[in-house]
Amino acid sequence: MAVSLSYREKTLYASLGAELVVYGPYFFLHQQNSLNKVAGMIIAIIVLQILLQGLIAVMSRNRLTDERDRLIELRRYRAGYLTLATLMVVGLALLWAHAAAGRLPIENRRMGLHLLSVFFGMLVISDITKTVTQIVSYRRAL
Amino acid sequence: MPAIRNQIRELRALREMTQQELADRVGVTRQTIIAMEQDKYSPSLETAFKVALTLGVPLERCFQYEPRGKR
């Protein structure tokens with residue numbers, strides 16, 4: 001069965017690809033995190049997204065979005081919010097538990113970078129969840 | 001499956017209209033027409049009226065409400 005992708009779906013697959021290409025190496029290859037790497041990654045994802053979305057927009061004749069696209073967009077944000085809220089609650093609970101046990105040397109610079117990485121990771125996971133939810137919704141028709 | 005069923009595919013075939021033509025005239029994407037024809041998506045009331053109007057039939061000829069559990 002031939003797969004027909006709408007303009008929105010094509011942009012979603014491009015977004016997912018960009019997220020995996022940029023975030024993947026950061027979380028799975030680099031053990032030494034730094035502010036520069038985080039900033040570099042944010043710039044990289046923005047540039048890559050602009051390039052890919054621009055390319056798809058140029059190649060697509062029909063860039064129409066309709067009520068179904070907007071409904072799926074709402075579902076995407078709900079999934080992303082629930083994921084981020086859940087991760088934040090779990091993360092804060094773990095922080096509190098470590099602090100209560102006296103194992104949280106927050107004045108330590110490495111610990112600060114580690115926390116930055118953890119919270120950034122939460123944002124990344126919720127972002128990827130949003131994109132995957134939207135792709136699944138499109139594939140299931142809604 | 002939604003409780004709203006439709007005869008879009010049959011009515012469209014009678015008029016020899018493609019999915020893309022119907023989509024263009026209604027103002028939705030072809031994928032939305034496909035989803036409606038497969039009973040996977042229930043359109044808004046406005047879109048339902050537009051589809052019926054485009055196909056030249058009354059709304060109830062195009063869309064039917066079947067309460068869940070009664071099929």
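From the N terminus on, chain B runs β-α-α-α-α-α-β, which amounts to five helices and two strands. Helices here are DSSP runs (H or I, at least four residues) and strands are E runs of at least two, numbered from the N terminus.

A quick note on the ground rules: this is a predicted model, where local features need pLDDT of at least 70, side-chain atom pairs count only at pLDDT 80 or more, and totals for chains, interfaces and linings use all residues. Residues are numbered from 1 along each chain as its sequence is written, with chains lettered from A and ligands numbered from 1 in the order in which they are written.

Along its principal axes, the C-alpha trace of chain B spans about 35 × 20 × 20 Å. Of the 71 residues of chain B, 28% are buried, meaning that 20 or more other C-beta atoms, placed from the backbone, lie within 10 Å of the residue's own.

Now for the meeting of the chains. Residues are in contact if their C-beta atoms, placed from the backbone, lie within 7 Å.

| Chain | Residues in the contact |
|---|---|
| B | 12 residues |
| A | eight residues |

Helix H3 (residues 30-37) gives the most to chain B's side, with four residues. That side divides into three nonpolar, seven polar and two charged residues; Ala, Val, Leu, Ile, Met, Phe, Trp, Tyr, Cys and Pro count as nonpolar, Asp, Glu, Lys and Arg as charged, and the others, Gly among them, as polar.

Within chain A, helix H1 (residues 7-28) meets helix H2 (residues 35-59). By class, this contact has 11 nonpolar, four polar and three charged residues.

How values were computed. Buried ≥ 20, exposed ≤ 12 C-beta atoms within 10 Å, placed from the backbone. Contact = placed C-beta atoms within 7 Å. Axes fitted to C-alpha atoms, helices over the stretch in contact; angles between N-to-C directions.
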